[in-house]
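Hi,

Here is the structure I promised to pass on.

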Amino acid sequence: MLYKKKWPLLIFLVPGLLFMLVFLYIPFLENIKNSFYDMAAIVKMPGTDWEFIGLDNYKRMFTDPDVRTALINSVKMMVLTVIFEVGIAFVLAVMVTQVKRLQQFFRTVYFFPVVISATAIGLLFKLFYNYNGGMLNQILEFFGKEPVNWLSPELAFIMVCIPTLWSYIGFYFVILLTGLSDIPDDVYEAASIDGCNRFKQVFYITLPMMKPVFFTSVTLAVTGALKVFDLPWIMVPNGAPQGVTHFLGTYMYQQAFGLNNYDYGSTLAVLIVLLGIAVSRGIGFLTDDPEERRNRKETRRRERAMKKAAQLAEKKGGAA
């Protein structure tokens with residue numbers, strides 16, 4: 001075994017566990033409890049009681065048309081993140097690995113949007129989309145075209161998705177580039193000798209060998225799409241126009257801190273967490289190899305059988 005003494009590991013694990021317990025798990029459990037009450041304020045003041053309303057907030061959530069809109073937009077964003085964020089990041093990572101010169105330059109350029117504040121990106125694109133004097137409309141006017149309302153109900157969702165997707169491509173680019181670097185060059189050299197061109201190498205070597213990395217990237221992208229908040233809120237606050245750009249994160253924030261419906265905001269937060277868990281588990285099940293799953297079950301069964309056999313042998317030895 002790598003570590004014979006386990007107690008030094010606890011010294012490093014316990015502080016992190018306590019931090020997550022205090023700032024993540026306990027607040028989440030408190031959040032679940034709050035969803036069953038009619039909260040008059042964000043903090044219960046001494047001498048005041050909140051009315052227990054049971055599942056009323058959950059009934060309201062299932063009949064709320066804005067929740068339906070936010071959920072549909074979040075699902076659309078999940079699909080777009082897999083196709084464009086992970087997909088484009090993979091294409092860029094493959095191309096960068098083929099470049100011998102300026103490789104570090106391309107790595108820096110593609111990762112640069114990740115380090116920029118989402119607030120700055122949101123304000124920047126908001127200026128681009130501005131009807132009066134915005135950069136896009138200035139370009140259209142230069143070519144003699146009429147200005148366009150880029151944040152109209154018909155175009156707002158697409159215009160919000162563009163900077164949101166663009167800003168995180170570099171994040172998955174770094175993850176996939178790291179996975180590509182772990183593939184031995186000997187594999188590609190042997191494939192080239194056998195007559196396999198670059199395009200086939202990507203499909204028959206790169207993709208199968210990067211399956212765990214892809215699983216991680218897709219899981220992060222999909223769960224991240226459920227939590228998207230900051231950039232859409234800067235560009236189109238309160239789901240403007242007409243609530244068509246609401247995501248689950250922005251609608252939860254509006255209800256909790258904009259309209260002071262803290263209990264209903266807590267209910268929406270529970271929905272986001274449950275959806276994140278369900279989606280991540282679903283992706284894991286779909287991407288898992290059935291043969292590997294059977295092997296893991298068989299290994300666990302053998303380990304349990306060996307453990308029981310050892311316990312029985314120990315009992316017999318003690319009785320003798």
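**What I found**

Of the 320 residues in the chain, 32% are buried (buried means under 20% relative accessible area, exposed over 50%, and partly exposed in between, with a 1.4 Å probe and protein chains only). Before you go further, note that this is a predicted model, where local features need pLDDT of at least 70 and side-chain atom pairs count only at pLDDT 80 or more, while totals for chains, interfaces and linings use all residues. Residues are numbered from 1 along each chain as its sequence is written, and side-chain values use heavy atoms, with hydrogens and water left out.

**The chain as a whole**

You'll find 14 helices and two strands in the chain; helices (H or I, at least four residues) and strands (E, at least two) are DSSP runs, numbered from the N terminus. The chain is more spread out than a compact globule, because its radius of gyration is 26 Å, well over the 20 Å that the globule rule gives for 320 residues. That radius is taken over C-alpha atoms, and the rule is 2.2 Å times the number of residues to the power 0.38. Along the principal axes, the C-alpha atoms fill a box of roughly 90 × 75 × 35 Å.

As for contacts (heavy atoms within 4.5 Å), take those in the chain with a separation of 6 or more: 66% of them are between residues 24 or more positions apart.

**Two buried residues**

Thr206 is in helix H9 (residues 198-209) and counts as buried because its relative accessibility is 3%. Its side chain makes a polar contact of 2.7 Å with the side chain of Tyr188. A polar contact here is a pair of N or O atoms within 3.5 Å; within protein, one must be able to donate a hydrogen and the other to accept it, and residues adjacent in sequence count only if both atoms are side-chain atoms. Leaving out residues up to four places away in sequence, Thr206 touches Phe90, Leu180, Ile183, Tyr188 and Gln201.

Val160, in helix H7 (residues 156-181), is also worth a look. With a relative accessible area of 0%, Val160 is buried. Again not counting residues up to four places away in sequence, Val160 touches Pro232, Met235, Val236, Thr245 and Phe247. Gly122 is 38 residues from Val160 in sequence, and their C-alpha atoms are 8.8 Å apart.

**Backbone details in the loops**

Ala240 and Pro241 are joined by a cis peptide bond, with omega about -5°. Pro241 sits in the loop between helix H11 (230-235) and helix H12 (248-258).

Leu102 is not a glycine, yet its phi is positive, at about 60°. Leu102 belongs to the loop between helix H3 (65-98) and helix H4 (103-115), and it counts as exposed because its relative accessibility is 57%. Asn260 has a positive phi too, near 60°. You'll see Asn260 in the loop between H12 and helix H13 (262-287); at 43% relative accessibility, Asn260 counts as partly exposed.

Cheers
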